[in-house]
Structure formats: structure tokens, C-alpha cells
2 protein chains.
Amino acid sequence: MSANLLNIKLEFAKNVVRQAGGFIRQHLSDDLEISEKSHFDDLVTNLDRDVQDQILAQIQTTFPGDHLLAEENDVRHAIQDGNVWVLDPIDGTTNFIVQRDHFAVMLAYYENGIGKIGVILDVMNDNLYWGNGIRSYKNDKQISLTPKPLRQSLIGVNTYMYRTNAGGLLDLSHESLGVRAIGSAGIEYVNILEGKIWGYFSNLSPWDYAAGAVLIAPFGYVTQQLDGRPLDFEGRQMMMSVPSNQLAALSAYLK
Amino acid sequence: MSANLLNIKLEFAKNVVRQAGGFIRQHLSDDLEISEKSHFDDLVTNLDRDVQDQILAQIQTTFPGDHLLAEENDVRHAIQDGNVWVLDPIDGTTNFIVQRDHFAVMLAYYENGIGKIGVILDVMNDNLYWGNGIRSYKNDKQISLTPKPLRQSLIGVNTYMYRTNAGGLLDLSHESLGVRAIGSAGIEYVNILEGKIWGYFSNLSPWDYAAGAVLIAPFGYVTQQLDGRPLDFEGRQMMMSVPSNQLAALSAYLK
């Protein structure tokens, strides 16, 4: 695909995500319709669905040949097959419901499985993180980032994996200055981009990591399964986003 | 003590904490001198000590008969004995070092063990939370807060206690929408006051909870040991800050 069309898609992605953020902030004090999905603590709201419908409709109108992979309503196109947009309309839905803070809108665009565009909006701080896999920006400013060694750093974790030492994560955490858990993959990726956490370990679906993986790639980060295999962009998988030049040091702990 | 002198002390406390916040923000891009205390992940900086020295000197000059209890340099007066100021110059030192965010300055004032003043500054957001145990304010606005049931709420936890089920905390957490861990007691109390977490469970020293306990008391919160006994304001203790009208529901889990 031409660089020109890719730039058009990048500007489109930034715009629709910014619009979605404005829409969510406008409806912040509305009474939400909250539904349980799998369990009492797995929630979705009418706003999650409204935002997804709005963004997917804009993609389909503007780029009718492209495909969709999104969190709600079982929208599931295979990542390897052509031009695929990956959307999480509200990442950190529980934070959104309880805190009205610490949630994100995330949109990514992949071509035959290769990440070309990543956009994350930290909705309440109104900061837009966006990139093309080569450079990443916070609003209008290019991001620079050089990860420190793990022993001088904090890591973001999924609390279940941490407490059960899944994949050796608890053992690994003892080599860091500590763990943090904030309840939104999008905000964890923001914290990597801000240099606040060194890496992120969780059990995620493709819309949780698709945009973040593109945004952190320019700084030598890899996003892969805990055991080193690639993510499949299908079901949930135990994964990590970490500096690739420190992978060897992790291998003593991760299993 | 007269209400008038107590008001003078409250204004004094707000002022010295605001000044300390300004001082820290001014030195945010300095190279820090970082020292290990008990272990590589238990850190203190020159700024922790500078801020403590500055605030304690102001207290001693202004209220020479009052006593001091503070985090650094073994400043330890018994809380039950007279007029005692309790200071944490930088709460969340690891966050301060690594993130330059998510840390607090905390100052409290107790008379014969009774909390009379609590002040917490969320330094990077420059929000001052302050109160007299009867009313609490965020900057110039009085705070109102009505905790929801645990099952519609998030809780703040110490990750060690959570993963080892200390006192039954892991069991209890399954009755909530999830746990969050952010690495600063001060910011956890801010999050209670903001309605973002329902309660906080940790293993704390007196300067970690003295100000927060005063600030959340007007909303029916108690701050006590996990087993219900009072905190002694001496060593570290496993503790919780929770809505007192929901204590009965906790007793099924906490042990």
C-alpha cells in the first residue's frame, strides 16, 4: 500500500479516536446501562457498544474493502488476511464504570498481520498516542524512550498471573522495584510510553495489545507470548511487552 | 485546645505541604541521590530528607512545644503523648524515582492520639486534600462521598498481602470488581476520597495512614488493623481503611 494512503488512514484513525473520546466525555455523567458478560466482574456498557458501532461504521464507509476485528458483538476477522482494523472501544470498562478514569480508546490497523498504525487515547487526560511502527507521538510531540534495566524499574502486571506465578511472573517481579496494577491495558501501554513502567505482563485479547504493540515497537519493544511464541490475534493469551534487548535476562525466570 | 489555635495549625499544615510540593516539583529534573534502606527496592532520596528537614524545622519554630513522628531519620514520638505531628515527606518514593508521578506529601496532627488535622498533596496533579476529621476538602471544595457496596467497587491492595491471602484479603477481593496497586498510600487515600476505590488494605507505618485516616473519617470510614484492633502508630501493621457500615460483611472473609 502506498505511503500516501497509509498516511490518510493514520489521520483517519487519529480523528475517529479523538471523536470517540469527546463522545465518551460528553456522556460521562449519564446513567450507564451496565450488563454482565461472563461473570459479575466482566462488564460492558451501552457506551462501549455505541462507540464501537460509530467507529466501525466510519471505517466501513471510508475504507469499504477493509476488515474488522473488535471487542464487542463478535466482530472477528483473521489478522493475517488483508487490511484489518482492530478496535477496543473502551479499554478498562470497569475503571470507566467505577472510576470514570483510567480507561482508553484503542484502534490499530494491520496489513497481512503487520502492524502499520496504532492509536491510544487516554480519554480523561485527553492525550493521544499514535504511531506508524517507526515513530510514535504523544499529541504533536515525538516520543523518545530508552528503557532502564529491570532492577531500576516497575512492571505492570495482571494480578491473577502475578499471584499464581503464571509463567514465572512472580519470580521475575522480584527482580524489579515492584509491580503495579491499574486495570487497563491501554493505560499500561501509555505508562510504557511515558517511561513509568518497564514492561507489561497480562492475559489479553488482540484488541488489548494490537495498538500498543505498534506504538512501543520503535523503542525496541517486542510483544509476544510469555514463552516467546508470536501472538495469534485470536483468543486470550498470556503475553508480555518488554524491551527485546533484555529478553535474555528474562529467560532465567520466565518458563 | 481552642478551635482558633487548631485552625491556625490547619492553615499552617496546608501551607507547609503546598510549599513542599512546589519545592519537589522545582527539583523534579535534578539528578537524585538514591540510597537503599533495608533492600534494593526500599529506597530514599536526598529530596525525601530535605523535605522532611524543612517541614520539621518549620513545625519546631512555629509550635515549639509540639512533638514529631516522621518517616526518615528515626523521628519517633508516641502518638498518645500530647500534640504530635506525623509526616511522610515523600510517600511513594519508588514512584517518585521511577515515574516522577503518583507520590504524595502527607502531614497529620494528633492530640493525645486523636486525629485533628490531615493533609495530603497529590504533588503532580497539585491537588491538596485537607480536613479536620469533621469535614474534608479538595483544594477549595468540600468533598462529599458515599461508598457503594463492595461488589460494585474496586479495592486498593498491598500486592504481597493480596497474593499470600494475608488476613483473608485475597478471598475478600473476589467479592469486589477487582484490585488495584499503585504504590503510594497517599494516592490510595486520594483515590478513596475521589470515589475511585472503596477501601485500602496494606501493611503500613503510622506516617502512611495518619493523614488519610483523618481525611476519610467524615465519610464513615474506619482505619484499623485487619483483625479490628486499633493501630498503634508504632511499627508496621496490617491494616485497612473501609466504610464502617460494611464491616460486618467483611467479617466473613477477614481473619
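The legends below accompany close-up views of a predicted model.

**View 1**
Let us start inside a single chain. Domain 1 of chain A brings 35 residues to the contact, and domain 2 of chain A brings 24 residues.

**View 2. The area buried between the domains of chain A.**
Here we look at how much surface the two domains share. About 2100 Å² is buried between domain 1 and domain 2 of chain A, and carbon and sulfur atoms give 68% of that area. Three residues to look for are A:Ile120, A:Tyr129 and A:Ser136: together they supply 23% of the area that domain 1 of chain A buries against domain 2 of chain A, more than any other three residues.

**View 3. Polar links across the domain interface of chain A.**
How many salt bridges does the rule find across the interface of domain 1 and domain 2 of chain A? There is 1 salt bridge between these domains. Elsewhere in this view, 8 residue pairs are in polar contact between domain 1 and domain 2 of chain A, counting pairs with both residues at pLDDT 80 or more. A:Glu194 and A:Lys138 form a salt bridge, and their closest N and O atoms are 2.8 Å apart.

**View 4. The side of domain 1 that touches domain 2 in chain A.**
Strands are the elements to follow here. Those giving two or more residues to this side of domain 1 of chain A are strand E3 (67-70), strand E5 (83-91), strand E6 (104-111), strand E7 (114-122), strand E8 (127-131) and strand E9 (136-138). E7(A) gives the most, with 7 residues. Sorted by class, this side of domain 1 of chain A has 17 nonpolar, 10 polar and 8 charged residues.

**View 5. Chain A meets chain B.**
Now we move out to the pair of chains. In this interface, 29 residues of chain A are in contact with 29 residues of chain B. The two chains bury about 2500 Å² between them, with 58% of it on carbon and sulfur atoms. The rule finds 2 salt bridges across the interface of chain A and chain B. In a salt bridge to look for, the side chain of B:Asp101 meets that of A:Lys196 at 2.5 Å, N to O. Between chain A and chain B, 14 residue pairs are in polar contact, both residues being at pLDDT 80 or more.

**View 6. The side of chain A that touches chain B.**
Which elements of chain A each supply at least two residues of the side that touches chain B? They are helix H3 (93-99), helix H4 (159-163) and strand E12 (178-180). By class, this side of chain A has 12 nonpolar, 10 polar and 7 charged residues.

**View 7. The symmetry of chains A and B.**
Chain A is superposed on chain B by a rotation of 180° with 0.0 Å of shift along its axis, and the RMSD is 0.0 Å. This is the relation of a two-fold axis. The same surface serves both copies, as 100% of the contact residues of chain A recur in chain B.

**View 8. The surroundings of A:His77.**
A:His77 is found in the loop between strand E4 (75-76) and E5 of chain A. Its side chain makes a polar contact with the side chain of A:Asp81, at 2.8 Å. Neighbours within four places in sequence aside, A:His77 is in contact with A:His67, A:Leu68, A:Leu69 and A:Val84.

**View 9. A salt bridge between parts of chain A.**
Over all chains, a search of the whole structure finds 24 salt bridges. The side chains of A:Arg18 and A:Asp126 meet in a salt bridge at 3.8 Å, N to O. A:Arg18 lies in helix H1 (residues 3-26) of chain A and A:Asp126 in the loop between E7 and E8 of chain A, so this pair ties together parts that are 108 residues apart in sequence.

Terms used. Residues numbered from 1 in each chain as written. Chains lettered and ligands numbered in written order. Predicted model: local features only at pLDDT ≥ 70, side-chain atom pairs only at ≥ 80, totals over all residues. Heavy atoms only, no water. Contact = heavy atoms within 4.5 Å. Buried area = accessible area lost by both parts, 1.4 Å probe. Salt bridge = Lys/Arg side-chain N within 4 Å of Asp/Glu carboxyl O. Polar contact = N/O pair within 3.5 Å; in protein donor to acceptor, adjacent residues only side chain to side chain. Helix = DSSP H or I, 4+ residues; strand = E, 2+ residues; numbered from the N terminus. Nonpolar A, V, L, I, M, F, W, Y, C, P; charged D, E, K, R; others polar. Least-squares fit on C-alpha atoms with pLDDT ≥ 70 in both.
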